[in-house]
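Have a go at each task before reading its solution.

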Amino acid sequence: MAFLVSITEDEARRPDVINDAEFKSIPFITTNDFDSIDNANGSSSRAFLFLDADENLQIATPELFCKKLKCQEHDKIKVISIFGNTGDGKSHTMNQVFFDGDPVFRTSTEQSSCTIGVYAAMQREQGVLCLDTEGLLGTTAKSNKRMRMLLKILAISDIVVYRTRSERLHSDMYEFLGTASKAFCLHFTQALQAMGNGSTLGPAVIIFHETHYTKPLESSVEESAEDKLRNSFARLNYETNAFSSLRYVGIQTDAKKATNFQKITDALRLEIENTAVRSPRQPAVVFKAMKLLNQKFAGEIIEKAINPFPEQYFTCGAHCESCSRRCQRSMGHVSDGEPHFNTQPCNYQHQFENKLYLCKACYNNGKEIVVSIRAQSQTDTAWSGLAKYVWKGDVIECPYCGEIYRARQYWYGNKSPESSVVHVQVVHVWKGGNSGLRGNAHSAQMVLDSVNSLSEAFTNISGPWAKAISDLLADKVAPSYWRPNQEIILCHACKRNFEKTGMPKHHCRGCGEGFCHTCSQHKLPVPARGWLQPVRVCNDCHQQLQRKSDATPGSKPTNDEGDILVRKYGETIYNTISSVAAVAIDYPKEMIKDSARPSYWVPDAESPSCFICKSVFGSAEELELGQHASKQSTTKANRSDSRSGGGASGGGASGGGASGNGSSIAGDCRRHHCRRCGQAVCSDCSKRRMPVPDRGWLTDVRVCDSCACVPHASSNCSRSISSAISDAINGADAEDTTDLQCATSERRRSSNSQSSNCDYRNGNCNASDDAKAKTE
């Protein structure tokens with residue numbers, strides 16, 4: 001016959017098998033086993049497992065929670081939790097402060113952690129629920145899940161104790177508390193308010209810091225220990241605004257003596273009695289808050305394995321500008337002649353044009369032949385390439401298959417090359433690399449450069465002869481009272497030398513003398529000489545004709561009307577041809593230049609003067625007119641200052657002297673663009689010719705003096721850095737060490753901000769400091 005025996009709930013939860021002597025050495029025991037062991041000191045209170053390592057609540061209902069705490073449902077309690085690194089004595093601190101040293105929370109002398117999860121125990125006299133948490137920095141495969149569990153425990157706590165036993169405060173304390181404050185503000189506050197918890201402030205935090213050989217933080221008149229802590233949090237970009245208060249309790253303990261917990265006990269008693277911010281709550285409210293947070297913030301977390309080898313210590317720091325992936329080669333590989341490299345595919349971006357074209361026919365046959373869109377084929381000359389570019393557009397040429405694509409064949413468009421003749425491959429964009437890609441955008445400009453170089457060479461060779469022939473023909477059709485061009489050396493008015501300044505000669509239709517453009521800007525009819533329409537006259541003749549319109553300026557008489565008839569016809573024909581040439585030749589040329597100009601070049605409208613020497617661009621006449629206008633404005637300003645009694649006459653004198661007699665003007669100041677930095681420079685500041693592979697110019701092109709002095713990746717020392725380091729490790733001789741020092745000194749010399757001299761193709765160049773700084 002079976003008998004029914006009534007048992008209590010605690011008896012029902014006990015295991016059927018009781019541990020015997022051979023199992024007592026196991027360091028990890030379950031909560032029920034821990035509750036079943038009799039306390040040697042006679043204490044009947046034991047901590048129980050509240051949350052396991054997988055964030056699972058071990059208590060099902062609020063009633064069972066109150067029963068485990070051995071308290072009534074209407075009791076009011078405060079929640080105090082302790083955090084810290086594993087091995088810093090959290091459990092021992094809770095036992096000493098709240099339970100007079102009784103081992104309510106299990107401690108252990110073993111290396112294995114004695115607290116896995118969260119344990120709870122009730123201190124009835126003070127009305128405190130004590131929570132002992134799993135230690136940080138402990139060995140676990142679920143560090144992220146452990147962190148989330150600890151943050152949820154902190155969110156339901158009224159008082160938080162961070163226990164640390166170290167000679168100095170570590171960064172992990174700042175990181176944990178800063179993360180807890182941020183999580184409470186962003187996530188836990190809203191969830192707790194939805195449950196009916198009206199408090200928006202987090203727990204009060206007490207940092208319990210114990211040292212042996214160093215002094216803890218001390219308060220002074222100027223700054224308290226708490227202020228020092230807040231400054232440290234702010235310096236590490238962490239906030240503590242979620243905590244209702246922050247307090248520091250520091251003690252220094254002799255290594256041979258036990259810890260004195262009196263200061264932390266007094267601090268906790270004051271916080272427990274303080275109900276201004278956080279009032280005691282019923283156990284059911286605490287349980288429901290924990291259950292709500294546990295249900296809301298649950299789920300699997302991706303645990304990333306700790307990388308024992310930090311790649312960023314030794315890997316190249318270059319990143320792809322298109323996909324932001326990092327170069328996978330070691331540092332210094334560029335000096336060894338190896339390009340940047342990453343095995344992962346890249347993303348295409350239109351701004352970088354990071355596509356490589358491979359000949360599709362060769363690609364299908366197993367060969368990867370890179371082709372590019374250019375303005376002319378390799379066999380075309382400069383003039384024929386320009387003509388084909390205007391007529392047929394861009395060309396794609398394969399070294400094996402020949403010409404495989406034209407943008408427009410006899411003025412009608414072809415299909416896109418990507419859909420017909422090329423295979424597209426997206427590549428990474430490294431800073432300073434991809435010269436082949438950038439070179440494609442400048443192919444039209446390269447054609448224009450070739451044409452311009454031929455034109456300049458032809459002009460330089462034939463210029464003096466053409467000028468002499470032009471002057472001779474002009475003298476043949478000139479009126480008899482005009483002075484011959486070969487006799488005109490200086491301007492008749494300002495005495496400027498035409499040969500030195502490069503300014504053209506002009507004849508006054510009144511007196512027939514030779515003048516510069518500045519001294520012969522006026523136009524008036526000269527009926528006495530046969531010029532019935534307004535024509536060019538000098539300043540003196542202009543004043544004379546204004547006084548008397550039928551006067552005959554000059555000393556030489558006019559023979560007859562036929563004397564000037566030939567000159568009139570010549571001027572009419574010349575002006576007509578010049579107008580047609582300007583419309584038919586100059587305008588299309590400028591249009592082609594604008595379309596072919598690289599994007600990194602500074603626009604002409606933004607560069608009125610040379611980037612290095614600050615010389616204003618323009619023809620000799622334009623520059624002369626500018627100086628003349630500046631001189632007149634300076635003179636007017638000086639006159640107004642002298643009338644008003646100002647003392648600025650010295651400045652006016654210097655301003656007039658700046659222009660002087662105009663000897664600074666020596667012909668046209670044409671605008672050129674440096675192929676390396678894209679700045680506008682004059683001819684005198686851009687006499688160097690060198691390749692610029694970073695910009696896609698593989699042949700000798702124009703560079704400014706500032707860029708010509710910037711050192712290149714190829715050092716004068718023949719040895720690479722890696723080989724020099726290898727020789728130094730293996731015991732290299734003095735000569736090899738000198739090579740390494742040569743490479744180092746070359747870099748230091750190139751980075752000097754002062755004016756430096758550098759040799760390039762046996763020519764010295766002195767770079768301007770300002771221009772070099774702006775260019776770099």
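**Exercise 1. Is Tyr-348 buried, partly exposed or exposed, and what does Tyr-348 touch?**

Step 1. Tyr-348 counts as partly exposed because its relative accessibility is 35%; buried means under 20% relative accessible area, exposed over 50%, and partly exposed in between, with a 1.4 Å probe and protein chains only.

Before going on, two notes on the model. It is predicted, so local features need pLDDT of at least 70 and side-chain atom pairs count only at pLDDT 80 or more, while totals for chains, interfaces and linings use all residues. Residues are numbered from 1 along each chain as its sequence is written, and side-chain values use heavy atoms, leaving out hydrogens and water.

Step 2. Find Tyr-348 in the loop between α9 (283–296) and β8 (355–359). Helices (H or I, at least four residues) and strands (E, at least two) are DSSP runs, numbered from the N terminus.

Step 3. Leaving aside residues up to four places away in sequence, Tyr-348 touches Ser-322, Glu-353, Asn-354, Lys-355 and Val-426. Contact here means heavy atoms within 4.5 Å.

Step 4. Now look at Val-427: this residue is 79 residues from Tyr-348 in sequence, yet their C-alpha atoms are 7.9 Å apart.

**Exercise 2. In which sense do β11 and β12 pair?**

Step 1. Strands β11 (residues 395–398) and β12 (residues 402–406) pair in the antiparallel sense over 4 bridges; two strands pair if DSSP finds at least two bridges between them.

Step 2. Between the two strands of this hairpin there are 3 residues.

**Exercise 3. Which residues line the largest cavity?**

Step 1. The lining consists of Val-97, Phe-98, Gln-126, Thr-265, Leu-268, Arg-269 and Ile-272. On a 1 Å grid over the protein atoms alone, a cavity is a set of points where a 1.4 Å probe fits but cannot get out, and lining residues have an atom within 4 Å of a point.

Step 2. α4 (90–98) and α8 (262–273) each supply at least two lining residues, and α8 gives the most, with 4.

Methods:
On a 1 Å grid over the protein atoms alone, a cavity is a set of points where a 1.4 Å probe fits but cannot get out, and a pocket is an open set with protein on both sides within 12 Å along at least five of seven lines; lining residues have an atom within 4 Å of a point.
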